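Open the model in your viewer and keep the selection tool at hand. The stops below follow one another; select each in turn.

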Amino acid sequence: MRYSREHKQETHDRIVKKASVRLREKGAHGIGVADLMKEAGLTHGGFYAHFDSREALVIEAFGYAMDRSMEHWRKITGETSPEKRLALIAEAYLSVLHRDNPGHGCSIPALGAEIARESPKTRKAFAGKLDEMIEMMTDYIPNVPRKAARKQAIATLATMAGTMLLARIAGSSELSDEVLKAGKDSALEGAKREPKAAAAKKAKLS
């Protein structure tokens with residue numbers, strides 16, 4: 001039986017979506033192709049009709065996950081003034097809800113350490129999405145020279161992702177809550193801090 005191009009694309013998208021959740025939950029090598037296909041309601045044999053390799057699925061699945069994270073950020077900041085957007089993202093990111101639901105959260109703390117040991121092709125794809133995320137956060141730092149804003153965005157994202165990773169290592173514990181609070185305080189301080197260049201320019205004009 002031959003399926004339409006639309007049906008094949010819908011099936012492909014369903015596999016990617018399911019894989020993006022399971023890979024974030026269990027790690028890049030924590031679940032096999034057969035199990036992923038079964039969860040998507042398909043047979044193992046149908047995998048190669050959609051992907052050239054397991055690596056191709058991993059790349060597409062974490063790309064989907066990163067896109068969903070950025071889409072979520074746009075949604076929660078849509079009606080917020082520009083200067084408050086980065087702080088709002090940090091507040092939502094460093095939450096107990098995000099910590100306890102890795103399958104529907106950011107790919108960086110969920111898969112970053114594993115991706116760093118993957119093939120150059122996989123790392124390049126991940127780096128491309130990481131750069132998109134940094135650029136988006138940079139856009140949320142108004143009235144600051146682009147270079148300084150990007151530096152601040154990188155520092156804030158690194159604080160957020162590192163905090164989430166440590167909080168998950170500690171599990172749902174008092175230590176984990178302590179890590180989340182400390183990281184959130186630091187990220188919020190960084191998100192609200194005015195870069196030296198901008199402050200100097202303002203002082204000069206006053």
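Start with W73, in helix α3. Helices here are DSSP runs of H or I with at least four residues, strands are E runs of at least two, and both are numbered from the N terminus. W73 is buried, at 4% relative accessibility. Buried means under 20% relative accessible area, exposed over 50%, and partly exposed in between, with a 1.4 Å probe and protein chains only.

A word on the ground rules. This is a predicted model, where local features need pLDDT of at least 70, side-chain atom pairs count only at pLDDT 80 or more, and totals for chains, interfaces and linings use all residues. Residues are numbered from 1 along each chain as its sequence is written, and side-chain values use heavy atoms, with hydrogens and water left out.

Zoom out to the whole chain. It has 10 helices and zero strands. The C-alpha trace spans about 75 × 40 × 35 Å along its principal axes. Of the 206 residues, 41% are buried.

**Aromatic pairs**

Stay in helix α3 and select F62 with F126. The structure holds three aromatic pairs (Phe, Tyr or Trp rings, the six-membered ring for Trp, with centres within 6.5 Å; planes under 30 degrees apart are stacked, over 60 edge-to-face, the rest tilted). The ring centres of F62 and F126 lie 4.9 Å apart with planes at 55 degrees, so this pair is tilted. It links distant parts of the chain: F62 is in helix α3 (residues 54-77), F126 in helix α7 (residues 120-139), 64 residues apart. Both F62 and F126 are buried.

**Salt bridges**

Next, show the charged side chains. There are 13 salt bridges (a side-chain nitrogen of Lys or Arg within 4 Å of a carboxyl oxygen of Asp or Glu).

- Select R22 and E39: their closest N and O atoms are 2.5 Å apart. R22 sits in helix α1 and E39 in helix α2, 17 residues apart. E39 is partly exposed, at 33% relative accessibility.
- Select D177 and R99: this salt bridge is 2.8 Å, N to O. D177 lies in helix α9 (residues 174-192) and R99 in helix α5 (residues 96-99), 78 residues apart. D177 is partly exposed at 39%, while R99 is buried at 7%.
- Select R146 and E135: the closest N and O atoms are 2.7 Å apart. R146 is in helix α8 and E135 in helix α7, so the pair ties together parts that are 11 residues apart in sequence.

Now extend that last selection. D131, E135, D139, R146 and R150 are linked in a network of salt bridges.

**The loop between α7 and α8**

Select N143, in the loop between α7 and α8. What is the phi of N143? It is positive, about 60 degrees, although N143 is not a glycine. Most residues other than glycine have a negative phi. N143 is exposed, with a relative accessible area of 76%.

**Last stop: a nonpolar patch**

Switch to a surface view and select L165, L166 and I169. They make a nonpolar surface patch of about 300 Å². Patch residues have over 30% relative accessible area and no salt bridge; nonpolar side chains (Val, Leu, Ile, Met, Phe, Trp, Tyr) are joined within 5 Å, like charges within 9 Å. Accessible areas come from the Shrake-Rupley method with a 1.4 Å probe. L166 is in helix α8 (residues 146-169).
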